[in-house]
Amino acid sequence: MSTGFAALPEAERYVLARATLPAAVAEGFDGADVGEGLMRADIVIADGRIEALRPAGSVTDLPLFDLDHGQVWPCFVDMHTHLDKGHILPRRSNPDGTFDGALEAVGADRDAHWSMADVTARMDFAIRGAYAHGTSLIRTHIDSVPPQFPTSWPAFAAMRDKWAGRVDLQAVALTPVDLYLDPAFRGRLVETVLEHGGILGGVTFMIPELATALDQLFYQASEHGLDIDLHVDETADPNARSLRAIAEAAIRAGYEGQVTVGHCCSLARQEADEADRTMDLVAEAGIAVVSLPMCNMYLQDRHPGRTPRWRGVTLLHEMASRGIATAVASDNTRDPFYAYGDLDAVEVFREAVRILQLDHPLDAAPRVLTTTPASVLRRPDVGRIKVGNSADLVLFKARSWTEFLSRPQSDRTVIRAGKAIDRTLPDYRELDSLFGL
């Protein structure tokens, strides 16, 4: 059993003393400002909840663990993953590392292997890793094309029930947008999503019928009170402009639900005035944007024997300056779309800071994996440190940003309802039977 570096008191009421908190994740408390968006506090925990936030070093009458200015974060929110695809790479690799190669490899593996037992085992393995790393809320996209409906959605529902109270799960139907033009298919899709408490979604691409397909999507979402989450313009082609079409469709429909879009890579390849007009519409429509920096830098601009010329990510700074809700997430894990990763939000944050240049200053950066995605996913009770909230926290030895971002923080302690959890990661050997090893 591994619980990290912190030896917490054996008491129902205790204090995390002299903690350093990112101000962006703390609500209702103004601690001593130590610069770079960090502040100091004592965190009083009682019966599994945050009872009080006090000035650092002021609580002396309770059992305590002295963090010596180590950082404390809320548990993380990973708002764009693919649990159904996760960890298939040993069985089906990407032949050339490209997006098209990934599509072909995943389709072949899905057709050959995605039974209920296979999908459930891989989902559970991935969630166990995310839990050990400190994530408490995950949204996953579920491949929703025939004949996968009767397998992957029940597998997701089983995992949601199994992990309830430890890692809360949401699911999005992932399907090509043109299938919304098929009345029989969209009827079955909506029925499946409603049955399993999911979210409508899909992949958009430039087709002549795009506006009509989007109108159908927004109509179904409005009729059934469903939110929308879409994969958008995951390409270097500047002519891929479905993000603008989505914003126009949302405005046209007067849609009142939450629209989330992921990737939006091509926006960074467009002329500035074109991109500005699109982002203004996205802001008007109230659309949230999630960037997937590790996966997109891995996939985009990949050509044999040629060094990539761009980073593959969208215009996150420009969006944030317009008041657009922006976040980052893991995306794929050990599958043909992204060969690496472990659903570790700290890794995602460290890489996002580098790839997207979220530093200078870093003050607001912690929100991209905590408060913002929690709000977008309609869970304002998670992803922040607040009196009355469950004591779901991640403790680090790192005191400053340079200490935090320079090491993987593999000795962190994760607290759930005030108690340190076992952070032992699942062994990859557990999956050998799925791969014939």
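A salt bridge is a side-chain nitrogen of Lys or Arg within 4 Å of a carboxyl oxygen of Asp or Glu. In this predicted model, local features need pLDDT of at least 70 and side-chain atom pairs count only at pLDDT 80 or more, while totals for chains, interfaces and linings use all residues. Residues are numbered from 1 along each chain as its sequence is written, and side-chain values use heavy atoms, with hydrogens and water left out.

**Figure 1. Salt-bridge network of R241, R244, E248, D273, E274 and R277.** These six names belong to residues that salt bridges link into a network. Helices (H or I, at least four residues) and strands (E, at least two) are DSSP runs, numbered from the N terminus. R241 is partly exposed at 35% relative accessible area, whereas E274 is buried at 10%. Here buried means under 20% relative accessible area, exposed over 50%, and partly exposed in between (1.4 Å probe, protein chains only). R277 forms a further salt bridge with D273, and the closest N and O atoms are 3.8 Å apart. Both R277 and D273 lie in helix α7, four residues apart, about one turn of the helix. R277 has a relative accessible area of 38% and is partly exposed; D273, at 47%, also counts as partly exposed.

**Figure 2. Salt bridge between D124 and K162.** The closest N and O atoms of D124 and K162 are 3.0 Å apart. D124 lies in helix α2 (residues 116-133) and K162 in helix α3 (residues 149-163), so the pair ties together parts that are 38 residues apart in sequence. D124 is buried, with a relative accessible area of 12%, and K162 is partly exposed, with 45%. Side chains of opposite charge can pair when their charged atoms come close. A search of the whole structure finds 32 salt bridges.

Figure 3. T204 counts as buried because its relative accessibility is 4%. Its side chain makes a polar contact with the side chain of S242, at 2.7 Å. A polar contact is a pair of N or O atoms within 3.5 Å; within protein, one must be able to donate a hydrogen and the other to accept it, and residues adjacent in sequence count only if both atoms are side-chain atoms. Leaving aside residues up to four places away in sequence, T204 touches V177, L210, L214, L230, H231, V232, D233, S242 and I246. Contact means heavy atoms within 4.5 Å.

**Figure 4. The largest nonpolar core and the surroundings of F404.** A nonpolar core is a set of buried Ala, Val, Leu, Ile, Met, Phe, Trp, Tyr and Cys residues joined through side-chain atoms within 4.5 Å. The largest has 97 residues, and L200, I246, V261, F349 and F404 have the most contacts inside it. Helix α10 (residues 345-355) gives the most to this core, with seven residues. Another core, of 23 residues, lies apart from it and has V25, A26, M39 and I45 among its members. Not counting residues up to four places away in sequence, F404 touches Q71, W73, V346, F349, R350, F396, A398 and Q409.

**Figure 5. G86 in the loop between β8 and α1.** The loop that holds G86 runs between β8 (76-81) and α1 (99-113). G86 has 2% relative accessibility and counts as buried. Beyond residues up to four places away in sequence, G86 touches R122, T333, R334 and D335. G86 and L437 are 351 residues apart in sequence and 18 Å apart in space, C-alpha to C-alpha.

**Figure 6. The protein chain as context for the close-ups.** The secondary structure comes to twelve helices and 19 strands. Buried residues make up 59% of the 437 residues in the protein chain. Of the contacts with a separation of 6 or more, 79% are between residues 24 or more positions apart. Along its principal axes the C-alpha trace spans about 70 × 55 × 50 Å.
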